[in-house]
Amino acid sequence: MSQSKHWLTIGAMLLSWACSPAVVAQDEGDEDAAVVLEDQEPESELMSIPSPDAREIDREIDQNRFLLGRWGTVRDDLAAAGLSFDIQWTQSFMSVADGGADTGFSYGGSLDYLIDLDLGKLGGPQGGFVRVLAESRYGDTVNTDAGTLLPVDTNAGFPLTTPPDDDIAITVTQLTYTQFLSKQFAVLAGKYQTLDGDANEFASGRGRSQFMNANFIFNPVGLLIVPYSTLGVGAVILPSDKVTITATLSNTTDSSTTTGFDDIGEGWTAAVETQFQYRLGRLPGGQVVTFAYAGDGEYTNFSRVSSLPGGALLGTEDDSWLLAWSAWQYIYTPDEIPDRIDTGDGRPDLRGVGLFARAGIADEDTNPIDWSLSIGLGGRGLFPGRDDDTFGVGFAYVDFDDSLVLSTVGFDDEAYGVEAFYRFDFGHGLSLTADVQVLEPFAKTADTTTIVGARVNIRF
């Protein structure tokens, strides 16, 4: 597909869903950018800004959201004092039942420890917030056996390590300080993770609660220049209560298990993300549009390959770019529609059914992925009496660079597949997900891959 067709494809999808009025579009996955605007006149602007996790406190501190409940009143009291926390234990049981690079069974797990501090409530500066995310990982995965570029078990694929999926006792992947200077503007700095940035109501959740395959959790065109965990600075702009714009400047090198300071000067990535929500009739929907540009790097130019007697000489470029789009739309819900949908909590807010899509294009000279697309259906409460069960089914396609470079090392020029899941919610922070994936991998030596799996998530 030519580059002009890439742009036409993205443009058509953007126009088809963009021509509607918008409402506020923050998401919990990028809590640094999230504020709740109050109608009443506060004592001061900064004192009126609640903690970035205020919606989570209001909506989810109840007996059914945590295995250990509210610890009497301890959890509520701590949140009111400016400290909230969330611990999740995710276990995956997966098998490459057929095809792939190798068949086999794996078991692994992870622990995520999230702490949010509202410095204003703790006696510090009003409008100041600190977020800490630490992660542990253990066991095995089938990510390297599936013959795919992207993880089929995303939760086990991050943080990034060498070798992939290596055990991690504990590592801090996010430590950010956010300071609101007004209701419309905030600055942030520190180490942050990007997996939650592209939050989608029906296809998000970090691989812990919705889809497991990475194609349905983030846009694969970002793999080259958008690291999972990185050191950077940024700003959040709210020009109105209908739009949130987040701009960041960060290292291009991943620092999942390092501080990131040694990577300063080894390449940078600048990104601008715009989020918004809207109504089609009475039904909510939303979009995220992201542009990223990387400089001062060293990227292989796949269009500049010279054949030599001893092999091939690869040209390089010092920059690369991408454009990504994500959207979701409810098509049916029996529930009352709130003013805002929390797209970053890893589950549909409303009972019903909706559509989702992601698409992206990248610099075809330097990015091994030319373009990608995923579409699907998701929802909650499919069966009577199971209002909190969630489900999803999706199709993903990735078009790779068709140059001689990838072909000679055994890679195909496309990969695609489908995934379906059903998540049983038992309340009290306990859920069980059944998952199946059928994939056509990009490794030429790998046959069509069938993966079956189960996932247990416990939220303390």
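## Terms and model

Buried means under 20% relative accessible area, exposed means over 50%, and partly exposed lies in between, with a 1.4 Å probe and protein chains only. By that cut-off, Arg-459 and Asp-86 are both buried.

This is a predicted model, in which local features need pLDDT of at least 70, side-chain atom pairs count only at pLDDT 80 or more, and totals for chains, interfaces and linings use all residues. Residues are numbered from 1 along each chain as its sequence is written, and side-chain values use heavy atoms, leaving out hydrogens and water.

## Salt bridges

The whole structure holds 11 salt bridges (a side-chain nitrogen of Lys or Arg within 4 Å of a carboxyl oxygen of Asp or Glu). One of them joins the side chains of Arg-459 and Asp-86, at 2.8 Å from N to O. Arg-459 sits in strand β19 (residues 447–459) and Asp-86 in strand β2 (residues 83–100), so this pair ties together parts 373 residues apart in sequence. Strands (E, at least two residues) and helices (H or I, at least four) are DSSP runs, numbered from the N terminus.

A network of salt bridges links Glu-135, Asp-196 and Arg-206.

## Around Asp-388 and Arg-380

Asp-388 forms a salt bridge with Arg-347, at 3.2 Å from N to O. Asp-388 is in the loop between β15 (369–380) and β16 (390–400), and Arg-347 is in the loop between β13 (320–332) and β14 (352–362), so the pair ties together parts 41 residues apart in sequence. Asp-388 is partly exposed, at 32% relative accessible area. Arg-347 counts as buried, at 7% relative accessibility.

Asp-388 also meets Arg-380 in a salt bridge, at 3.3 Å from N to O. Arg-380 belongs to strand β15. The residue is buried, with a relative accessible area of 10%. The pair Arg-380 and Asp-388 is also listed as a polar contact of 3.3 Å between side chains. A polar contact is a pair of N or O atoms within 3.5 Å; within protein, one must be able to donate a hydrogen and the other to accept it, and residues adjacent in sequence count only if both atoms are side-chain atoms. The Arg-380 side chain also reaches the backbone oxygen of Asp-349 at 2.6 Å. Leaving aside neighbours within four places in sequence, Arg-380 has contacts (heavy atoms within 4.5 Å) that include Arg-347, Pro-348, Leu-350, Asp-387 and Phe-391.

## Strand β4 and its partners

Nine of the 12 residues of β4 (residues 128–139) are buried, so this strand is largely enclosed by the rest of the structure. Strand β3 (residues 104–118) runs antiparallel to β4, with 11 bridges between them. Here Asp-112 has Glu-135 of β4 as its bridge partner.

Strand β5 (residues 168–182) also pairs with β4, antiparallel, over nine bridges. Pairing requires at least two DSSP bridges between two strands. Arg-137 stands opposite Ile-168 of β5.

## Cavities

The search finds six cavities of 30 Å³ or more. A cavity is a set of points, on a 1 Å grid over the protein atoms alone, where a 1.4 Å probe fits but cannot get out; lining residues have an atom within 4 Å of a point. Grid points are joined across faces, edges and corners, and a volume is the space filled by probe spheres set on the points.

The second largest cavity has a volume of about 190 Å³. Its lining has 19 residues, of which Thr-148, Asn-215, Val-398, Ala-415 and Tyr-416 lie nearest the centre. β16, β17 (414–425) and β18 (430–440) each supply at least two residues of that lining.

Note on methods. On a 1 Å grid over the protein atoms alone, a cavity is a set of points where a 1.4 Å probe fits but cannot get out, and a pocket is an open set with protein on both sides within 12 Å along at least five of seven lines; lining residues have an atom within 4 Å of a point.
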